[in-house]
Amino acid sequence: PYHVWRPVFRALFDLSDVDDPALLREHVLVRLPADPEVRERAPLLNVVLPLGLAETELTAQLDGNLRAENTRALLLRLLLDMLVAAPALLIIEDAHWCDSASWALLEQLRISAPALLLVVATRPLDEMSGHPAADIAAEYRNLQRDPATLRIHLGVLDSETIAALICARLGVPSVPAPALELIRRNAKGHPLFSEEIAYALRDMGILRIERGECRMADDAGNLHDLNFPDTLQG
């Protein structure tokens, strides 16, 4: 739960360089509001940060929906307290992995802090396999319908842009046409997939980079015969 919120709360408490659990607890407890209600509920933060805080007498009694409601209320309180002091931009990455608790917190924050600039980056849920319309969170649909929402659809990159991206990643002025064609055919305009194929061709020795120039290896053969995976995970 709250997986997509974990980077947010690490940033909120300035924990980017802190991994030791004892130091994490110290940093968070110092930054928590002095409000006794917040302090009593501090162990509920274990769900978003690896604090290992021992249960208080109050939180030990919380279970099920009551615990979920108290956790969401605490997280919302901290977000509002820490974000209203100055103009803020909050980015939720990979929102397609949001669980129901994460969506609920996102919606409550959106309603409670209308001045907050909120960026939600997600794959198009309507088009994803495994996400039939009935399973798409109501909060996501509410976000889409909100008149204040600006929806920006990012399509695939064109061939020239992919070529420029590959050259930049490999640190060369140009890449041989057969390699670019293989990348275009397999990655179909997906930038990260294109990069990974280019790195694979380099690491396999098919692309040789020498003195800042990129060329095909003499024994590269026909790239169409390569058995490349057709997914980014592969």
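A pocket here is an open set of grid points with protein on both sides within 12 Å along at least five of seven lines, and its lining residues have an atom within 4 Å of a point. Keep in mind that this is a predicted model.

Q: Where does the largest pocket lie, given the domains that line it?
A: The protein is split into domain 1 (4-145) and domain 2 (159-225), and their C-alpha centres are 40 Å apart. Both domains give residues to the lining of the largest pocket, so its place is between domain 1 and domain 2.

Q: Which element gives the most to the lining of the largest pocket?
A: There's about 1700 Å³ of space in this one. Its lining has 41 residues, and Ala121, Thr122, Arg123, Ile152 and Leu154 are the ones nearest the centre. The elements that each supply at least two lining residues are β2 (117-120), α6 (138-145), α8 (177-187) and α9 (191-203). With four residues, the top contributor is β2.

Q: How many charged residues are in the lining of the largest pocket?
A: Go through the lining by type and you'll find 22 nonpolar residues and 11 polar ones. That leaves the charged group, which comes to eight.

Q: Which strands each supply at least two residues of the nonpolar patch?
A: On the surface, Leu89, Ile91, Leu117 and Val119 make up a nonpolar patch with about 340 Å² of accessible area together. Ile91, for one, is in strand β1. The strands that each bring at least two residues are β1 (89-92) and β2.

Q: How many residues apart in sequence are the parts that Arg77 and Asp35 tie together?
A: The whole structure has 10 salt bridges. In one between Arg77 and Asp35, the side chains meet at 3.2 Å, N to O. Arg77 is in helix α4 and Asp35 is in the loop between α2 (21-31) and α3 (36-40), so the pair links parts whose separation in sequence is 42 residues.

Methods:
Residues are numbered from 1 along each chain as its sequence is written. This is a predicted model: local features need pLDDT of at least 70, side-chain atom pairs count only at pLDDT 80 or more; totals for chains, interfaces and linings use all residues. Side-chain values use heavy atoms; hydrogens and water are left out. On a 1 Å grid over the protein atoms alone, a cavity is a set of points where a 1.4 Å probe fits but cannot get out, and a pocket is an open set with protein on both sides within 12 Å along at least five of seven lines; lining residues have an atom within 4 Å of a point. Grid points are joined across faces, edges and corners, and a volume is the space filled by probe spheres set on the points. Ala, Val, Leu, Ile, Met, Phe, Trp, Tyr, Cys and Pro count as nonpolar, Asp, Glu, Lys and Arg as charged, and the others, Gly among them, as polar. Domain bounds come from an automatic or database domain assignment. Patches are made of residues with over 30% relative accessible area and no salt bridge: like charges are joined within 9 Å, nonpolar side chains (Val, Leu, Ile, Met, Phe, Trp, Tyr) within 5 Å. Accessible areas come from the Shrake-Rupley method with a 1.4 Å probe; for residues, only the protein chains shown count as cover. A salt bridge is a side-chain nitrogen of Lys or Arg within 4 Å of a carboxyl oxygen of Asp or Glu.
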